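User: Could you take a close look at the place where the two chains meet, and walk me through it?

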Amino acid sequence: MNDWIAVCQLKDIPTLGARRVQREQGPEVALFRTEEDEVFALVDRCPHKGGPLSQGIVFGRQVACPLHNWVISLESGLARAPDEGCAARFAVKVDGGIVMLDAQELRTLGIERAVA
Amino acid sequence: MKNDAHELARPRLVVVGNGMAGVRAVEELLAIAPQMYDITIFGAEPHPNYNRILLSPVLAGEQTLEQIILNPLSWYAQQGITLHKGSKVVQIDRAKRTVRADDGTEAAYDRLLLATGSSPLILPVPGKELKGVIAYRDIADTEAMIEAASRLRRAVVIGGGLLGLEAANGLKQRGMDVSVVHIMPWLMERQLDQAAGRLLQESLERRGIRFLLGAQTQALVPDGDGRVAAVQFQGGSTIAADLVVMAAGIRPNTELAEKAGLLVNRGIVVNDTLQTVTDPRIYAVGECAAHRGIAYGLVAPLFEQGKVCATHLAHFGIGRYGGSATSTKLKVTGIDLFSAGTFMGGGDSEDIVMSDPYGGVYKKLVLKDDKLIGACLYGDTVDGSWYFKLIREGRNVADIRDKLMFGESNIGDVGHEGHNRAAAMADAAEVCGCNGVSKGAICRAIKDKGLFTLDDVRKHTKASASCGSCTGLVEQLLMFTAGGDYSAAPTRKAMCGCTDHSHQEVRDAIRTHHWLAIAEVHAGMNWRSSNGCSSCRPAINYYLLSTWPKEAQDDPQSRFVNERSHANIQKDGSYSVVPRMWGGETTADELRRIANAVDKFKIPTVKVTGGQRIDLLGVKKEDLPAVWSEIGMPSGHAYAKALRTVKTCVGSQWCRFGTQDSTQMGKDLERALWRMYAPHKVKLAVSGCPRNCAEAGIKDVGVIGVDSGWEIYVAGNGGIKTEVAQFLVKVKTPEEVLECSGAFLQLYREEGWYLERTVHYVSRVGLDHVKHKIVDEPAGRKALWERLQFSLDGEPDPWFEFEKARLDLRQFQALAGHRILEAAT
């Protein structure tokens with residue numbers, strides 16, 4: 001069972017853009033909104049050099065990291081081949097325009113990936 | 001994996017030919033439409049697909065057969081491809097749509113791809129069927145030659161072209177006594193001129209290979225046992241031979257197609273989608289195909305054909321093959337040779353020649369109508385790719401004619417210690433200084449991952465992917481390791497993977513159709529992706545804004561983070577803030593406010609920049625608006641593809657040498673031009689006398705005061721490629737400086753391609769074009785200057801006019817990842 005927490009409304013995320021979600025500990029979580037209003041969440045750290053993915057350009061279901069232009073899949077968190085790496089992925093629920101993340105995942109996922 | 005119900009419904013693709021062209025087309029098809037066809041491949045040889053180009057290194061003992069396998073048998077299995085190897089297709093039944101092989105195997109097809117390649121030309125001379133006479137074409141021939149070399153002594157190679165010389169070199173390496181017989185007066189006459197051919201011959205002679213030029217073979221003389229014993233020439237002279245290798249050319253394998261009634265003329269005749277003109281269900285690619293009368297024998301065109309053929313098979317219907325420009329490199333270790341275009345010269349063309357026979361370097365460039373039309377290089381080929389690019393683009397080279405011979409890489413490249421011969425570099429030596437990639441790492445990646453193109457190498461290793469100045473070296477490594485650079489050689493480059501259109505075509509279409517939104521461009525030009533990518537969206541956004549100022553609306557989500565946050569992102573995700581200091585002048589009050597901001601926001605680093613202003617580094621994103629407000633100075637746009645700084649010297653106000661008030665001129669220029677977005681960053685400088693303390697010679701626009709007025713220089717660059725600015729015009733008054741500088745920058749804004757610096761823009765269009773527009777046509781210059789002023793009029797300062805600058809302030813706030821919104825919802 002998921003323990004959903006509302007973090008914002010869909011309209012709070014720019015289309016083809018992102019917002020950052022702060023957690024009690026660990027790196028922030030990036031919330032992405034595609035042109036079709038799908039919402040995805042990844043830890044806000046590129047698997048390459050820790051760049052903030054939330055600041056990248058969103059296209060299709062992908063985001064280009066602002067530091068070195070690695071392209072990360074919003075669905076899987078995987079870097080586009082031939083680059084190799086994966087950003088932790090968070091479950092997202094959108095219901096009635098409210099965007100929700102799982103409290104358990106927010107507490108535990110992607111914590112160890114913190115870049116000092 | 002396999003879905004049987006699905007499988008039954010799939011159309012059947014049969015490929016005749018298991019070589020590089022056919023399998024490449026299949027790979028391209030699998031990449032874009034993996035499950036579309038049920039695929040069967042027939043191959044006459046008993047091997048999986050291998051790199052035919054590397055047979056020469058195998059013959060020379062530098063590589064093994066295992067190393068040149070491109071697709072192991074496991075690959076066919078993984079892809080679910082049925083492979084019939086050692087099975088030569090002998091009949092196509094176009095009515096029943098089946099093919100039949102010599103071993104009785106049959107297969108039915110919905111689409112058929114012919115990639116039957118070519119065969120060596122066997123000279124029609126008596127004795128051609130004797131034992132010990134072989135052609136050089138495939139693995140079996142190579143193995144026969146290796147075997148012969150172990151027990152026979154004297155080899156004669158007939159043919160002094162690419163293949164013949166590689167065979168001769170290989171046999172020599174294996175210890176044979178080798179002579180090359182060539183009917184023409186010099187070697188590789190189709191790729192080299194006489195001087196380069198001579199150098200090549202000398203170099204091979206030093207390795208112990210003998211040459212008989214201008215010699216026409218008349219017969220092969222047998223010994224008593226039906227083995228070849230000698231080669232006899234016209235005129236009666238002979239040389240002894242235990243082994244004769246025929247390498248006098250190739251001819252396309254078209255018998256199968258001819259028997260099936262397909263039109264054949266120098267090859268199987270195909271259209272721009274690689275379908276045979278006779279039967280649209282049947283495609284042909286590679287050496288067996290004739291496209292617009294040409295059957296290509298090099299690999300790059302075959303790969304381009306494979307790509308187009310695959311898109312058509314996948315029903316994409318987007319790709320068209322328009323023919324290929326080709327270049328040649330020889331694969332004999334230690335010999336660097338390159339030729340492209342019309343390199344013979346003569347007639348109404350002009351040659352520029354550099355010849356150093358002792359040093360083993362020869363370069364010839366052929367120009368016609370101020371364009372480079374051919375190049376022939378021997379000994380130093382690092383600039384081959386640059387020349388090839390100039391030939392393909394057909395651009396006017398009059399303005400760089402004096403520098404042309406010294407090559408792109410000798411004009412001040414940095415980052416790879418001036419190396420120009422990849423073969424001579426140690427494995428640990430750094431090739432790409434931007435990304436720290438060594439020669440060894442590149443070679444390993446090419447071998448282990450089976451890379452073929454420059455693009456592949458860039459993707460996998462990042463070598464030459466940043467500034468690109470080591471591109472020539474990487475291409476050399478590709479040549480040595482994979483046997484050549486098979487990069488597609490289109491005459492114009494697509495903007496990105498989302499489209500086949502070039503930057504220029506997109507610019508033109510935006511103007512012609514009066515498009516104002518990115519979506520209109522995508523729809524009007526059939527973009528392949530629904531909302532572009534991180535490469536094309538910022539470019540289109542810029543083109544819209546620069547073409548239709550005050551009409552097109554900026555899309556912040558199509559800008560890089562720096563231009564969205566109006567600050568420079570740093571490696572740790574923090575930002576830097578650079579306030580504008582007009583002409584590099586500041587006041588006690590400004591410095592006090594900056595100091596206060598540093599204290600208040602605990603900004604860790606304060607640095608003076610090269611552009612005469614102050615950089616505050618390590619600012620947290622959430623603090624940005626407050627820092628801007630605390631400092632109270634305009635945005636310095638240090639983060640943008642826009643006007644950065646106008647650097648000035650002290651000038652006549654204080655300096656005892658100053659002839660003009662350069663500081664005031666600089667301030668006026670900066671106030672007139674700030675907030676100006678451009679294809680790339682733009683830097684200016686103004687010096688008050690020719691001592692040029694503001695370093696105006698390496699700026700996009702450099703202004704130098706002299707006693708009688710101002711000299712204006714353009715298209716300088718202090719970056720990757722240090723480039724001295726070129727003189728544009730001399731004027732008398734500060735007003736003229738403003739108008740000329742502004743008009744030049746507006747021309748660049750209207751004609752430049754996104755991410756093209758002024759140095760690259762001017763080198764593309766030519767300085768003459770710029771002079772014509774700015775110096776020769778006063779009315780046009782005035783109009784450009786007015787258009788720039790119109791564009792900049794009322795543009796917001798993004799650090800203060802948030803709404804007008806469409807700055808989304810939400811980006812500075814993080815959302816809370818714990819329960820606080822509960823009540824609100």
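**The contact between chains A and B**

The contact takes 34 residues from chain A and 26 residues from chain B, where two residues are in contact if their C-beta atoms, placed from the backbone, lie within 7 Å. A word on the source: this is a predicted model, in which local features need pLDDT of at least 70, side-chain atom pairs count only at pLDDT 80 or more, and totals for chains, interfaces and linings use all residues. Residues are numbered from 1 along each chain as its sequence is written, while chains are lettered from A and ligands numbered from 1 in the order in which they are written.

On the side of chain A that touches chain B, at least two residues each come from strand 1 (4-9), strand 2 (17-22), strand 5 (57-59) and strand 10 (98-102) of chain A. Strands here are DSSP runs of E, at least two residues long, numbered from the N terminus. Strand 2 of chain A gives the most to this side, with five residues. Sorted by class, the side has 18 nonpolar, eight polar and eight charged residues. Ala, Val, Leu, Ile, Met, Phe, Trp, Tyr, Cys and Pro count as nonpolar, Asp, Glu, Lys and Arg as charged, and the others, Gly among them, as polar.

Strand 2 of chain A runs parallel to strand 37 (residues 815-816) of chain B, and two bridges join them; strands pair if DSSP finds at least two bridges between them. Within strand 37 of chain B, B:Ala816 is the residue opposite A:Gln22.

Terms used. Helices (H or I, at least four residues) and strands (E, at least two) are DSSP runs, numbered from the N terminus.
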